[in-house]
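Dear colleague,

I am handing over the structure below, and after it you will find notes on what turned up. Please keep it open beside the text as you read.

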Amino acid sequence: MSFYDELSSLPREQLKLSLYSIGPKEVESALVSSEGSLSSLMALLSPAAEPYIEQMAVRAKEITRRRFGTNIGMYLPLYLSNLCANECDYCGFSMSNKLKRKSLTSDELKQEISIIKRQGFDSILLVSGEHETKVGIDYFASMLPLVKKQFSYVAMEVQPLREDEYKHLVNLGLDAVMLYQETYNPTTYQEHHTRGNKQDYRYRVDSPERIARAGVDKIGLGVLLGLDDWRFDALMLGYHLHYLERHFWRCRYSLSLPRLRPCTGGITPKMPLTDKGLVQLICAFRLFNQQLEISLSTREPASLRDNLYGLGVTHISAGSSTEPGGYSNPQRQLNQFEISDDRSVSETVSAMVAKGYIPVWKDWQSEWINLS
Amino acid sequence: MLMLADSQFSSRLFTGTGKFSCSKTMVASIEASGSQLVTMAMKRIDLKTASDDILAPLKASGVKLLPNTSGARNAQEAVFVAELSREVLGTSWVKLEIHPDPKYLMPDPIETLKAAKMLCDKGFVVLPYVHADPVLCRHLEEVGCAAVMPLGSPIGSNQGLATQTFLKIIIEQANIPVVVDAGIGAPSHAMQAMEMGASAVLVNTAIASSRDPVAMARCFESAVSAGRDAYLAGLGVTSCYAQQTSPQKPLTAFLES
Ligand code: SF4
């Protein structure tokens, strides 16, 4: 049974009712032992867990320290293109937005790479809009080898692809794929995705399974927090993660928790997520899954990011640009979203070190992977 | 004195390099532990630039390096890493680690045995990290491993000797040193392993993630030598497990400001 089938057969209304009627007793028992249990995850995500935020943080910190030490993995997004054939009302790259469109040529890409390399990064996240014909598998396949030459770990955040396409990219050195569901509520999903391939809710839900079958090392899941009821979306994400770990045990999993932020032609969140809510979410997932990687982008402000390291966050970006060509030629008109933490890499790192954490630039040696 | 392949060790405590807050603490802790054999992940080493903040201070401290193949998911990858480490670090010693399962980092017995044979044939000094499986340890001994390194409990879990029953069998049967690796979370666990007759223990997380790694390293040193003495004297004691205390300043205080 695919996750889509499992998801479709869940009694959503009943689950939602339970989520909002949980009491302190259930939260307290979830605090003691929650690993791997979906009902404990529900308790920790519930409004009833809010008064327990400090206890959750203490446990989350303990677990994170034991599993990850004081290491924080460093990565950087590299925008390949802002072309997009979809319409997502929360995103600056939406097709109808008047925006200068651009895809990097291989020379421009090399230029971006050399600037990024100078800053010390060895783990890169390639990002593009979703434009099947102009920025599709052929484009990726031609660019990936250039990137792989310079970075040990290469992740991608692009449109969902077919299994054989993922396999092809894995052979070219792709290590990880980030693919966010945005929301697990099909109705809300349809409201916000009004044009293009991304309208296909099911194809997106099915994607992590195709990615896993293609032999990708790490899969990144996420929802856009605020599009719908974030507590419930996070719970569904927990179900998804649980399913994937059960069926694809060779993969690693990572979690991104982007909050809905203003962008060109943006919308306001249906259910805004406060800082406290974000902390609750991070701690709840840490208690649910001790080995889960959690990454935090520069969407979040510096002050908050610096306080979240110990509580479960394991990977961060720093000094990011969210426009194609933005490292060699910053313009700020081609941005996908506004950056909150605009500190330089070295500023971010010194704040991190002052808190007792150490940046890990390299945690992978790609040459010995997939030798067969 | 512990004989491992052609080398002698006066300390029976082996340590690692992961999870320390900085390389200074790492070196100070290793020194305090008295350890003479230190393992480190090849995947962490920056092969392109000569200077490296793990490698350089380690080399300077004079301990014997034990590169490990952590990150490898099958025999082929592990052999590749070992060959790379021999070339780069000039040592044929390798701690063989193959874990295709990223959740619990359980070692893969089939691939480990395959890789161990290939590496022994190529002249490596192989120390395989394995589950506490007595039959597997026999196979590994037959293919020529210098020692076996069965786990006490899942790696990084600090749960102590969950595999005690099987460790006893392995120690009883082995004709090569048995180094208890993974899961040792407190000096008492290390002591217990030594009392049971283990040749040595490998401790990393428990030292590195302690509030005071240097002090904890010293505690492990005493525990390991006391445990060894107790074994030789034929004695045994039970152990206890310490809970972490909660911090004085609330972790979520920043939310109120
Ligand atoms: S979210 Fe992705 S698919 Fe949607 S408009 Fe933005 S870039 Fe295109």
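In chain B, the charged end of Lys95(B) sits over the ring of Tyr129(B), at 5.3 Å from the ring centre, and Lys64(B) likewise places its charged end over a ring, that of Trp93(B), with 4.4 Å to the centre. Please bear in mind that this is a predicted model.

In one of them, Phe121(A) and Trp361(A), the ring centres are 5.2 Å apart and the planes meet at 80°, which is over 60 degrees, so the pair counts as edge-to-face. This pair links distant parts of chain A, 240 residues apart: Phe121(A) lies in the loop between helix H6 and strand E3, while Trp361(A) belongs to the segment after strand E11. Phe121(A) is buried, with a relative accessible area of 1%, whereas Trp361(A), at 25%, is partly exposed.

A tilted pair is formed by Tyr309(A) and Tyr357(A), with 5.9 Å from centre to centre and 50° between the planes. Its partners are 48 residues apart in chain A, Tyr309(A) in the loop between helix H13 and strand E10, and Tyr357(A) in the loop between helix H14 and E11. Tyr309(A) is buried at 1% relative accessible area, and Tyr357(A) is buried at 11%.

Best wishes

Definitions and conventions: Residues numbered from 1 in each chain as written. Chains lettered and ligands numbered in written order. Predicted model: local features only at pLDDT ≥ 70, side-chain atom pairs only at ≥ 80, totals over all residues. Heavy atoms only, no water. Phe/Tyr/Trp six-rings, centres within 6.5 Å; stacked < 30°, edge-to-face > 60°. Helix = DSSP H or I, 4+ residues; strand = E, 2+ residues; numbered from the N terminus. Buried < 20%, exposed > 50% of the residue type's maximum accessible area, 1.4 Å probe, protein only. Lys NZ or Arg CZ within 6 Å of the ring centre and 35° of its normal.
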